[in-house]
Amino acid sequence: MFNLFNKIAIVTGASRGIGKVIAQVFANAGAHVVCVARSEDAIASLTDEINSNGGSASYQSCDISDGDSFSSLISSVAKKNGRLDILVNNAGVTQDNLLMRMKENQWDSVLNINLKGAFHGMKAAIRPMMKNRNGRIINITSIVGLTGNAGQANYAASKAGLIGLSKSVAKEVATRGITVNCIAPGWIGTDMTDELSDDIKEQFLSRIPANRMGSPEDIAHAALFLASDEASYITGQTITVDGGRVIN
Ligand SMILES: NC(=O)c1ccc[n+]([C@@H]2O[C@H](COP(=O)([O-])OP(=O)(O)OC[C@H]3O[C@@H](n4cnc5c(N)ncnc54)[C@H](OP(=O)(O)O)[C@@H]3O)[C@@H](O)[C@H]2O)c1
């Protein structure tokens with residue numbers, strides 16, 4: 001398996017779901033992981049769990065849509081550790097509605113967290129990464145950003161925007177040893193998807209060639225690969241991890 005020995009990683013949205021498992025997998029692979037989310041109790045207990053299992057983690061509570069707080073968190077992690085190797089922009093939310101009924105605040109809050117949060121994170125992270133001439137930025141988008149989805153115009157726009165943002169920044173920093181890639185999960189079993197009705201779940205399943213819902217581990221293992229030294233020649237890409245859903 002790929003290792004992340006001595007790497008310093010920040011994972012947003014680490015309080016539950018996909019981000020929590022990415023933090024655990026990165027710590028198992030040898031990284032020091034800074035767990036970020038708004039729910040302080042959840043990231044504190046994840047940090048305890050990682051540290052008591054022989055890994056290395058710390059936590060900082062932050063609302064990533066607050067650009068100043070998120071940027072200063074990243075700068076302080078880089079300063080304290082002498083560098084920052086990996087940033088995973090995983091935190092994300094949905095606020096679904098048909099466009100006709102969508103309120104401006106539903107649009108703004110989804111765009112502010114999913115897209116602008118990643119903008120703030122990347123902007124702050126590339127400075128220390130450039131200094132080190134090494135870095136990995138992994139943005140968690142969604143297959144909905146590739147295909148669109150009725151009722152999710154705000155979410156799809158944020159996730160498609162993240163892909164364009166990642167490709168652009170990948171070009172800006174490629175000569176500095178920094179890669180910027182996206183992972184586009186399909187339907188992954190987390191709190192976010194638990195909310196779906198049984199009917200919708202059945203419909204989803206019928207379109208997935210692998211005939212199963214994905215797990216957070218499926219995403220975390222792709223993230224581990226992209227974060228590793230072995231992935232140094234992959235940049236500006238979006239890897240779909242969806243059991244074949246988008247080819248169907
Ligand atoms: N599950 C899926 O099927 C699926 C599919 C495609 C893409 N994705 C993407 O994968 C990522 C993780 O999804 P998930 O299913 O694990 O979702 P989840 O279980 O709902 O977890 C979302 C995470 O984001 C954090 N978060 C939300 N808003 C935040 C903010 N303003 N500041 C800091 N942290 C914030 C939450 O922590 P707090 O609430 O504690 O802040 C939580 O840790 C998201 O970007 C999502 O869009 C998921």
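What you have open is a predicted model, in which local features need pLDDT of at least 70 and side-chain atom pairs count only at pLDDT 80 or more, while totals for chains, interfaces and linings use all residues. Residues are numbered from 1 along each chain as its sequence is written.

Arginine 133 sits in the loop between α4 and β5, helices (H or I, at least four residues) and strands (E, at least two) being DSSP runs numbered from the N terminus. Its phi is positive, about 50°, although arginine 133 is not a glycine. Most residues other than glycine have a negative phi.

Next, select asparagine 211, in the loop between α8 and α9, where a positive phi near 60° again occurs in a residue other than glycine. Asparagine 211 counts as exposed, with 9 C-beta neighbours inside 10 Å. In the loop between α8 (198-206) and α9 you will also find alanine 210, which is partly exposed, with 14 other C-beta atoms within 10 Å. Leaving aside neighbours within four places in sequence, alanine 210 is in contact with Gly243 and Gly244, contact meaning that the C-beta atoms of two residues, placed from the backbone, lie within 7 Å. If you draw a distance from the C-alpha atom of alanine 210 to that of asparagine 114, 96 residues apart along the chain, it comes to 28 Å.

Is α9 enclosed or open? Nine of its twelve residues are buried, so α9 is largely enclosed by the rest of the structure. Among these buried residues are Pro216, Asp218, Ile219 and Leu224, and what covers the buried residues of α9 includes β1 (8-12), α1, β4 (86-89) and β7 (238-241).

From there, move to alanine 9, which, not counting residues up to four places away in sequence, touches residues including Leu4, Phe26, Val33, Ile86 and Ala227. Together with Phe26 and Cys35, Ala9 has the most contacts inside the largest nonpolar core, which has 71 residues; such a core is a set of buried Ala, Val, Leu, Ile, Met, Phe, Trp, Tyr and Cys residues joined through C-beta atoms within 7 Å. Helix α4 (residues 104-132) gives the most to this core, with nine residues.

Then display the ligand, which 29 residues surround, the closest being Gly13, Gly17, Arg38, Ser39 and Gly92; a residue counts here if its C-beta atom, placed from the backbone, lies within 6 Å of the molecule. Helices α1 (17-28) and α7 (191-194) each supply at least two residues of this shell.

Finally, zoom out to the whole chain, which has nine helices and seven strands, and in which buried residues make up 46% of the 248 residues. Along its principal axes, the C-alpha trace spans about 50 × 35 × 35 Å.

Technical notes. A residue is buried if 20 or more other C-beta atoms lie within 10 Å of its own, exposed if 12 or fewer, and partly exposed in between; C-beta atoms are placed from the backbone.
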